[in-house]
Amino acid sequence: LAICARCRRAATSLVHALKSEPIAAELNEIEGARRVRSPRHSIARRVMTTASLAAAAAVAGLLLIRSIDVDVGRAPVERESTSGVVSAPELQSPIGQVPALGQFSWSVAGPADMYDMYRITVYDEQGVVLWELETGATGVAPPATVRFEPGVQYLWRVAARLRLGRWVNTDLVGFTISQP
């Protein structure tokens, strides 16, 4: 929230939604019901409170989703049209079974200067991030500090940052090293 204006606006929207008349009435009703019930109904009270808060959060979420792109007093944010969809980079290597791990490489569709940064992320077979790096290049060798074992399935992907500050992600692609 300290560094993201959009996040601050979203949080403010959520606070305003929670203060709205219907949601405030629902929360007051829950609080009143809690005071009237005896301690033996504590489980039912917790279930009702949780369900009511979940409903209030869902309503607030819907209001937030509707208002997230509305910035009062600001120029509208430019969006890509569906006819000019920006495509993610295309992963080139390693893919599938590879004899040895050389360099991670990918290519971009369209003008290369439309992207100003790439983030490569490599996962082990349990989905744990082994390595992540941001670079301006379309290829990079893995660091010697990360050990890739033969016969183990690894996954990787690349996120490309557009000059407008948005990111587009590739799908996850797997590879396995066949040679020790």
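**A tour of the salt bridges and the core**

Start by selecting Arg 119 and Glu 134: their side chains meet in a salt bridge, 3.0 Å from N to O (a Lys or Arg side-chain nitrogen within 4 Å of an Asp or Glu carboxyl oxygen). Arg 119 sits in strand β4 and Glu 134 in strand β5 (residues 129-135), so this pair, 15 residues apart, links distant parts of the chain. Strands here are DSSP runs of E, at least two residues, and helices are runs of H or I, at least four, numbered from the N terminus.

Before you click on: this is a predicted model, where local features need pLDDT of at least 70 and side-chain atom pairs pLDDT 80 or more, while totals for chains, interfaces and linings use all residues. Residues are numbered from 1 along each chain as its sequence is written, and side-chain values use heavy atoms, leaving out hydrogens and water.

Next, pick Arg 161 and Asp 116, another salt bridge, with the closest N and O atoms 2.9 Å apart. Arg 161 is in β7 and Asp 116 in β4, so the pair ties together parts 45 residues apart in sequence.

Now try Arg 147 and Glu 149, whose side chains meet at 2.4 Å, N to O. Arg 147 is exposed at 65% relative accessibility, whereas Glu 149 is partly exposed at 32% (buried is under 20%, exposed over 50%, partly exposed in between; 1.4 Å probe, protein chains only).

Last stop: the largest nonpolar core, with 22 residues, meaning buried Ala, Val, Leu, Ile, Met, Phe, Trp, Tyr and Cys joined through side-chain atoms within 4.5 Å. Select Phe 104, Trp 106, Ile 120, Phe 148, Trp 156 and Phe 175, which touch the most other members. Then colour β7, which gives this core its largest share, five residues.
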